[in-house]
Amino acid sequence: MKIPGVGSDVDLASDTNEVLFEPSPETVLSYLLGHYLNIFMYRVLLEAKASEQSARMVSMKNATDSASGLIEDLTLEYNKLRQGNITKELLEIAGGQLGND
């Protein structure tokens, strides 16, 4: 089967013309390698920054959770002391009334 506009296999195999690349493969490779290294380093820096931010977020979450727990403990301790003082005052008042009878 012959495709219009395409040479036969024999014609293509017998074509010995040299192909000239401009710029040279070395120039293209050095250009691409430079860009690849720049992009690779940029990616490494972005990942390092993201990792740092993630570590900061985890640290702040732990600090917030710790502070919340401390607030709960201190609130409970404050309420116990307050209730103890109220009970003490009530006993003093009740004791004073019993003594007046």
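Buried residues, those under 20% relative accessible area with a 1.4 Å probe and protein chains only, make up 0% of the 101 residues in this predicted model. The protein exposes about 9700 Å² (Shrake-Rupley method, 1.4 Å probe). Carbon and sulfur atoms supply 63% of that area.

The radius of gyration, taken over C-alpha atoms, is 42 Å. A compact globule of 101 residues would have a value near 13 Å, by the rule of 2.2 Å times the number of residues to the power 0.38. The C-alpha trace spans about 130 × 35 × 15 Å along its principal axes. The secondary structure comes to 2 helices and 0 strands, assigned as DSSP runs (H or I, at least four residues; E, at least two) and numbered from the N terminus.

Helix 1 covers residues 9-14 and holds alanine 13. Alanine 13 is exposed (over 50%) at a relative accessible area of 64%. Its C-alpha atom is separated by 33 Å from that of tyrosine 31, 18 residues apart along the chain.

Helix 2 covers residues 25-100 and includes leucine 33.

Residues are numbered from 1 along each chain as its sequence is written. Local features need pLDDT of at least 70, side-chain atom pairs count only at pLDDT 80 or more, totals for chains, interfaces and linings use all residues, and side-chain values use heavy atoms, without hydrogens and water.
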